Amino acid sequence: MVASVEPATEPVYPPKPRPGDRVAVVSPSGGLGETFPLPYELGLRRLREEFGLDVVEYPGSRAAGLGPAERAAELHAAFTDPTVKALIATIGGDDQITVLPHLDAALVRAHPKPFFGYSDNTNLLAWLSRSAGVVGYHGGSVMVEFGRPGRMSGLTSRSLRAALFTSGPFELRESPVYGDVNTPWDDPATFAAEPRMDPCDGWWWHEPHRVVEGRGWGGCLEVLAWLLMADRETEPAERYDGRVLFLETSEELPRAEEVYRTLRALGERGLLRRFPALLMARARTASVVDRRDDGARARYRAEQRAAVLRALREYAPETMAVFDVDFGHTDPQQVLPYGGTIRVDGPARRITVTY
């Protein structure tokens, strides 16, 4: 176990790669490249051919069941390799919290690099921001976004390219369509056509009467709850004053009541009211193992929004919120800077991030 170090107070933006640079493909959570080679190989090919990157695979990306210390060692190796300019997660998982105690914050702080991932990678993003003092990037995985059947979503590609290769302000866009109905990755027919996309409304604003600019914090709500339960990568409540909270839910489709209870716990801890703005991702409404009809999907979205609004009404009535923002577990996906600057302009109905 690596000794803890004093947490950094202000995360720094790491230098960005350029086309032609080497990037590391790592699996701090699930190593499913061997289990599902079709999206994995497609993602690697896109990184090389469409993004022009020199990809180095770390062994854990194809090896399911690697232990926490082994996964931490691969991260250390990627961060300290001078030829590697960024790290991209293959996919999420459910046990990355066990990797955190094995990480060396001083080592990573001395070699800051962009890390891309989401879902269970909320653990590492929170750790990078608080303990290592490095801005991370919530979004972009090899097997999902880069490995999307048919072609990459245009909005996803636009955001990923900006987050990977550029620094500075980037305005998020609303999407007229979205997708969250996937077919099995072990079926070649899945990759013969693009995924199903459905029409959707744009962002839905709640109390949009001001402009908020602050550092982003949050991630996958289920994973964030685990971090709070374990009291990991969590600061005193007053340290969150002025930050922008962003939350999304996963393909495990938590019930609306569970979403409310998690936010209620944030409220009881004195955290929820500290955030003057909340970005709530478009809710994922289906999965490969839970195929709901369109009516059930619409009800799920409405119930989740109502649960969030209930928690805000009870614990953070002055917080501005934007619902159905395209980040997280739905398609398309836009990248958010974890620990970086997010500007939410209510009167102008604009969201700008700094990559």
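Leaving aside neighbours within four places in sequence, P11 is in contact (heavy atoms within 4.5 Å) with S129, G133, V134, V135, R215 and G339. The model is predicted, so local features need pLDDT of at least 70 and side-chain atom pairs count only at pLDDT 80 or more, while totals for chains, interfaces and linings use all residues. Residues are numbered from 1 along each chain as its sequence is written, and side-chain values use heavy atoms, with hydrogens and water left out. Helices (H or I, at least four residues) and strands (E, at least two) are DSSP runs, numbered from the N terminus.

- P11 lies in the segment before β1 (22-26).
- With a relative accessible area of 10%, P11 is buried; buried means under 20% relative accessible area, exposed over 50%, and partly exposed in between (1.4 Å probe, protein chains only).
- The C-alpha atoms of P11 and T319 are separated by 24 Å, and the two residues are 308 apart along the chain.
- S129 belongs to helix α4 and is buried, at a relative accessible area of 4%.
- Apart from neighbours within four places in sequence, S129 is in contact with P11, V134, R215, Y338 and G339.

- In α4, 10 of the 11 residues are buried, so the helix is largely enclosed by the rest of the structure.
- The buried residues are T122, N123, L124, L125, A126, W127, L128, S129, S131 and A132.
- Two packed helices are described by the angle between their axes and the distance between the axes.
- The axes of α4 (residues 122-132) and α6 (residues 221-230) come within 9 Å and cross at roughly 55°; axes are lines fitted to C-alpha atoms, for helices over the stretch in contact, and angles run from 0 to 180 degrees between N-to-C directions.
- That makes α4 oblique to α6, where angles under 35 degrees count as roughly parallel, over 145 as roughly antiparallel, 65 to 115 as roughly perpendicular and the rest as oblique.
- On the α4 side T122, N123 and A126 meet V223, L224 and L227 of α6.
- By class, this contact of α4 with α6 has 4 nonpolar, 2 polar and no charged residues; Ala, Val, Leu, Ile, Met, Phe, Trp, Tyr, Cys and Pro count as nonpolar, Asp, Glu, Lys and Arg as charged, and the others, Gly among them, as polar.
- G133 follows α4 and has a positive phi, near 70°.

**The sheet of 8 strands**

- An open sheet of 8 strands runs in the order β6-β16-β15-β10-β11-β12-β13-β9, with mixed pairing; two strands pair if DSSP finds at least two bridges between them.
- β6 (169-171) and β9 (204-206) stand at the edges, each with a single partner strand, so one side of each is left without a neighbour in the sheet.
- Neighbouring strands of this sheet are turned by 25° against each other on average, direction ignored.
- Strands β10 (residues 211-220) and β15 (residues 341-345) pair in the antiparallel sense over 5 bridges, and V212 stands opposite V344 in β15.
- β15 also pairs with β16 (residues 350-354) in the antiparallel sense, over 4 bridges.

- β3 (residues 84-89) and β4 (residues 115-117) pair in the parallel sense over 2 bridges, with F115 in β4 as the bridge partner of L87.

**Cysteines**

- The structure holds 0 disulfides, a disulfide being a pair of cysteine sulfur atoms within 2.5 Å.
- C200 counts as buried at 18% relative accessibility.
- C220 is buried, with a relative accessible area of 2%.
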